[in-house]
Amino acid sequence: MSKIRKAVVPAAGYGTRFLPMTKASPKEMLPIIDKPIIQYVVEEAVASGIEDIFIVTGSNKRAIEDHFDHNSELESYLESAGKLEQLEEIRKIARMANFVYIRQKGPYGNGTPILNCENVIGNEPFAVLWADQFTIAREPRLKQMITAFKQYNDPVLSFVKAKSDADYDRYGVPEVKMIGNGIHEIIEIREKPGRENAPSDLVSDGGYILTPDIFEALRETEVGKGNELWLVDGINKLKKNHKLYACEIEGGKYYDTGNKLEYLKANVDFGLSRPDINGEFAKFIRETAETL
């Protein structure tokens with residue numbers, strides 16, 4: 001198999017959980033302190049060796065394209081104002097990777113943006129990372145997955161340990177057979193099974209390395225629950241020709257920033273980890289907690 005050098009980042013959803021904020025602004029551009037969610041996703045991909053990033057968008061997503069482009073007027077202002085550190089920071093954003101934008105077409109569902117990228121992916125394996133969630137680990141999540149893919153040459157999905165019983169109601173849970181070193185063979189994935197019916201203590205954190213036959217599998221997949229085309233249904237079809245592997249992300253902390261509570265938690269976590277603000281912020285958190 002060839003090197004994993006391409007990643008698909010679906011970003012076409014309406015972001016209804018964050019209305020009215022997302023009526024005109026993409027949810028993927030919501031900030032974690034001072035950086036949009038989607039930038040954390042892109043940085044993970046780049047740190048893992050990805051060169052080409054295909055962002056699948058919908059209406060009202062122009063801000064994403066602008067963010068990963070150069071802004072000559074802003075750069076000129078920062079340079080003339082002597083704000084060279086900020087100037088270099090925003091220039092680096094546009095240089096991180098080759099960005100391609102594709103408008104989503106087809107049935108609603110998280111399988112559609114993958115299918116939309118068939119012509120640009122070609123006949124090579126590729127990564128998929130959702131634009132409104134990310135996992136932080138000492139070694140990037142996707143890099144750990146790529147290591148597993150190089151060993152087994154079959155699709156690899158990422159998982160983290162469940163943190164609470166509620167996780168089993170929110171995410172896919174795999175039935176697995178342990179292989180070793182954090183790698184499991186997937187027997188079956190159960191969507192939101194609940195704690196009592198969960199076949200393992202792993203939950204999906206939304207990272208995938210897929211082989212190009214996923215496109216044929218998705219074309220053969222009928223729309224399912226909610227009249228949507230589901231990626232997991234296409235992945236299950238790959239079991240005819242592949243084994244599926246679960247990569248348990250070592251040291252991974254998953255941020256599902258697509259919902260309000262987890263988004264707020266992410267801002268608190270990152271705020272407390274920032275040396276420039278953590279002192280006063282920690283004091284504010286303590287004082288606020290004392291009044292509750």
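A search of the whole structure, which is a predicted model, finds 26 salt bridges, a salt bridge being a side-chain nitrogen of Lys or Arg within 4 Å of a carboxyl oxygen of Asp or Glu. In this model, local features need pLDDT of at least 70, side-chain atom pairs count only at pLDDT 80 or more, and totals for chains, interfaces and linings use all residues. Residues are numbered from 1 along each chain as its sequence is written, and side-chain values use heavy atoms, with hydrogens and water left out.

One of the salt bridges joins arginine 141 to glutamate 44, with the closest N and O atoms 2.9 Å apart. This pair connects distant parts of the chain, 97 residues apart, since arginine 141 belongs to helix α7 (residues 141–152) and glutamate 44 to helix α1. Helices here are DSSP runs of H or I with at least four residues, numbered from the N terminus. Arginine 141 is buried because its relative accessible area is 1%, and glutamate 44 is buried because its value is 6%. The term buried means under 20% relative accessible area, exposed means over 50%, and partly exposed lies in between (1.4 Å probe, protein chains only).

A salt bridge also forms between arginine 219 and glutamate 118, where the closest N and O atoms are 2.6 Å apart. Here too distant parts of the chain are linked: arginine 219 is in helix α9 (residues 214–219) and glutamate 118 in helix α6 (residues 118–121), 101 residues apart. Glutamate 118 has 27% relative accessibility and therefore counts as partly exposed.

Glutamate 88 and arginine 95 form a further salt bridge, with the closest N and O atoms 2.6 Å apart. Glutamate 88 is partly exposed because its relative accessible area is 35%, and arginine 95 is partly exposed because its value is 48%.

In soluble globular proteins, nonpolar side chains tend to be buried together. A nonpolar core is defined as a set of buried Ala, Val, Leu, Ile, Met, Phe, Trp, Tyr and Cys residues joined through side-chain atoms within 4.5 Å. The largest nonpolar core has 49 residues, of which Ile53, Ile55, Phe68 and Leu142 touch the most other members. Helix α1 (residues 37–47) provides the largest share of this core, six residues. Apart from this core lies another, of 26 residues, among them Val8, Ile121, Ala217 and Leu218.

Threonine 112, in helix α5 (residues 112–115), is in contact with Gln104, Lys105, Gly106, Pro107 and Leu229, leaving aside neighbours within four places in sequence. Threonine 112 counts as buried because its relative accessibility is 2%.

With a disulfide taken as a pair of cysteine sulfur atoms within 2.5 Å, the count of disulfides is zero. Cysteine 117 counts as buried because its relative accessibility is 0%, and cysteine 247 counts as buried because its value is 2%.

On the surface, Leu272, Phe284 and Ile285 form a nonpolar patch with about 250 Å² of accessible area together. Patches are made of residues with over 30% relative accessible area and no salt bridge, with like charges joined within 9 Å and nonpolar side chains (Val, Leu, Ile, Met, Phe, Trp, Tyr) within 5 Å; accessible areas come from the Shrake-Rupley method with a 1.4 Å probe, and for residues only the protein chains shown count as cover. Phenylalanine 284 is found in helix α12 (residues 278–291) and counts as partly exposed because its relative accessibility is 47%.

Definitions and conventions: Helix = DSSP H or I, 4+ residues; strand = E, 2+ residues; numbered from the N terminus. Contact = heavy atoms within 4.5 Å.
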